[in-house]
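Q: Hi! Could you walk me through this model while I have it open?

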Amino acid sequence: MARRMISRFSQWSSYVFAVDFDTNSDPIYFALASKYSEGPQVFRNVLADEICYSLHVYSDDKIERAKFYGGLKHKLSKELPSECTILEMYTFQPNVKDSVIKGYFLKDPSKSSATERVLAELIRNDPVYVCSYLCGGEDRQWLQLLWLSTEDGWVEVLKEYCVVPAEKPEHHPSTLNIINYDVFYSFEDAYKVLQQCVDIIPESKAVLELVDQRLESKEKTTFPVIVVEGLDATGKTTLTESLTEALGATLLKSPPQCLSPWRARFDTEPPLIRRAFYALGNYLTAGQIGQEARHAPVIVDRYWHSTAAYAIATAVGGKLANLPQAGSEVYGWPADLLRPSLVLMLSLSSQERMRRLQVRGQDKTMEEEELEANHLFRQKVEEAYQRIEGPACVTVDASPSPDQVLQQVLLLIREKCHL
Ligand SMILES: Nc1ncnc2c1ncn2[C@@H]1O[C@H](COP(=O)(O)OP(=O)(O)OP(=O)(O)O)[C@@H](O)[C@H]1O
Ligand SMILES: Nc1ccn([C@@H]2O[C@H](COP(=O)(O)O)[C@@H](O)[C@H]2O)c(=O)n1
């Protein structure tokens, strides 16, 4: 065990570590070195005299890693002293796709032995690396110490490194593992994830059975297919219903109705599994679209844009500027997924959206901080919507009355789809 741990961990000395101390600023980047090297003290400005720890899940199995990492934060918040702060951490090779190992960074002002006990228990039983960080010596150099669990149940230091500054990489580390972790670009890739979950999530079997019976969808449809996208409460339901009536169209949704019994179950799963579920939902809806668009125009309430934009916005940490640049492959359309004729994105000021949510009886009790975090998240979703290509979405001002929005959209459909 110790040998396996150390051989894996020694590879890490070529990795960069990043800790998101504040969502509005860049993470603190640092690397490991065997000797102290001159440079600014990486943590000096963010850590006073606290004891800090980092935790990383090292299982090779992607599903096990995702499941364990998902549960770890909950476990830590429950078991650690309440003064501890748990921050997101990335270990990665700069700008190398698929190189990220996600982890947590703990700040412990309590300096309590209770923290050590919880962490020692973790390394004894679970696939987790624990490191502690200490500031010592005359030059106040930060050190990283890798812990090892011993036979008698206590911990000892297995390896010691100096913490040295690292350059800010071109791409924020949270963008490196999006493909096939948060967004799936083929049916097969999403399907494989659920197949691997059958033993741990029995509901996967029922979803896969439905997916196996999906209808085939052709590249070209006889009638136009119009997708309506937008954040919550922007008026998608109102518009899709009135459009369906005005055009004598068929109304479909993604995820489709047939997945409803399992949606709440998969919403509790880590992103890898949850996103694979929604990705498969699009292929099911595509089959229905292919069938219905033989007879009449089809209106679709959410489709691929929502799946990708929400997944990207959730995966990308920190500021709006951390999103992958426009034109990045993460905004591409899956080659095997039916493409709609037109995608409309309803856009609304956050004040008006909030007003509509309140009329509907939601978002009344949100704290300022939560609203702020939500605001940043929604900005990221909207920006990601706008960067998705093949087809790109057309933004529609959703602030006028329902009838004016409908008329505006009917004009657009006539112009773009010749209906
Ligand atoms: N153009 C509009 N002007 C004013 N109010 C509107 C307009 N369109 C919809 N609403 C109202 O705003 C609220 C949200 O609308 P709706 O349910 O259609 O949004 P939605 O995008 O489908 O929301 P969600 O995704 O959360 O289900 C509803 O109370 C609806 O009556
Ligand atoms: N085509 C879709 C539709 C939805 N999602 C995910 O569902 C969440 C939002 O849905 P609501 O109905 O609750 O507004 C959001 O997390 C999306 O990721 C999706 O992935 N694909």
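Q: Let me start with Q195: buried or exposed?
A: Q195 is exposed, because it has 12 other C-beta atoms within 10 Å. The cut-offs, with C-beta atoms placed from the backbone, are 20 or more other C-beta atoms within 10 Å for buried, 12 or fewer for exposed, and partly exposed in between. Keep in mind that this is a predicted model: local features need pLDDT of at least 70, side-chain atom pairs count only at pLDDT 80 or more, and totals for chains, interfaces and linings use all residues. Residues are numbered from 1 along each chain as its sequence is written, while chains are lettered from A and ligands numbered from 1 in the order in which they are written.

Q: Where does Q195 lie?
A: Q195 lies in helix 4. Helices (H or I, at least four residues) and strands (E, at least two) are DSSP runs, numbered from the N terminus. The C-alpha atom of Q195 is separated by 7.6 Å from that of K205, 10 residues apart along the chain.

Q: And D199, where is that one?
A: You'll find D199 in the loop between helix 4 (187-197) and helix 5 (203-212). D199 is exposed, because 9 other C-beta atoms lie within 10 Å. Between the C-alpha atoms of D199 and R339, 140 residues apart along the chain, there are 33 Å.

Q: Zooming out, how many helices and strands are there in the protein chain?
A: The protein chain has 12 helices and 13 strands. Its radius of gyration is 24 Å, close to the 22 Å that the globule rule gives for 419 residues, so the chain is as compact as a globular protein of that length. That radius is taken over C-alpha atoms, and the rule is 2.2 Å times the number of residues to the power 0.38. Along its principal axes, the C-alpha trace spans about 75 × 45 × 35 Å, and buried residues make up 39% of the 419 residues.

Q: What does the domain assignment give?
A: It gives domain 1 (2-175) and domain 2 (187-417), with bounds that come from an automatic or database domain assignment. Their centres, taken over C-alpha atoms, are separated by 36 Å. The contact takes 14 residues from domain 1 and 14 residues from domain 2, where two residues are in contact if their C-beta atoms, placed from the backbone, lie within 7 Å.

Q: Which helix gives the largest share of the side of domain 1 that touches domain 2?
A: That is helix 2 (residues 62-79), with six residues. By class, the domain 1 side divides into four nonpolar, six polar and four charged residues. Here Ala, Val, Leu, Ile, Met, Phe, Trp, Tyr, Cys and Pro count as nonpolar, Asp, Glu, Lys and Arg as charged, and the others, Gly among them, as polar.

Q: Which residues touch the most other members in the largest nonpolar core?
A: Of its 108 residues, those are V130, A276, L280, A309, I312, L344 and A384. Such a core is a set of buried Ala, Val, Leu, Ile, Met, Phe, Trp, Tyr and Cys residues joined through C-beta atoms within 7 Å. Helix 8 (residues 271-292) gives the most to this core, with 11 residues. Both domain 1 (2-175) and domain 2 (187-417) give residues to this core, so it lies between them.

Q: What is A384 in contact with?
A: Leaving aside neighbours within four places in sequence, A384 is in contact with A308, A309, I312, A313 and L323.

Q: Ligands next. Which residues come nearest to ligand 1?
A: Of the 14 residues around ligand 1, D232, G235, K236, T237 and T238 come nearest; a residue is near a molecule or strand if its C-beta atom, placed from the backbone, lies within 6 Å of it. Helix 6 provides the largest share of that shell, three residues. The shell has four nonpolar, six polar and four charged residues.

Q: And what surrounds ligand 2?
A: Ligand 2 is surrounded by D232, S254, P255, Y278, R302, Y303, S306, T307 and Y310. Helix 9 (residues 304-315) gives the most to this shell, with three residues.

Q: What about the peptide bond from S254 to P255?
A: That bond is cis, with omega near 0°. P255 lies in the loop between strand 10 (250-253) and helix 7 (260-267). The bond from G390 to P391 is also cis, with omega near 5°.
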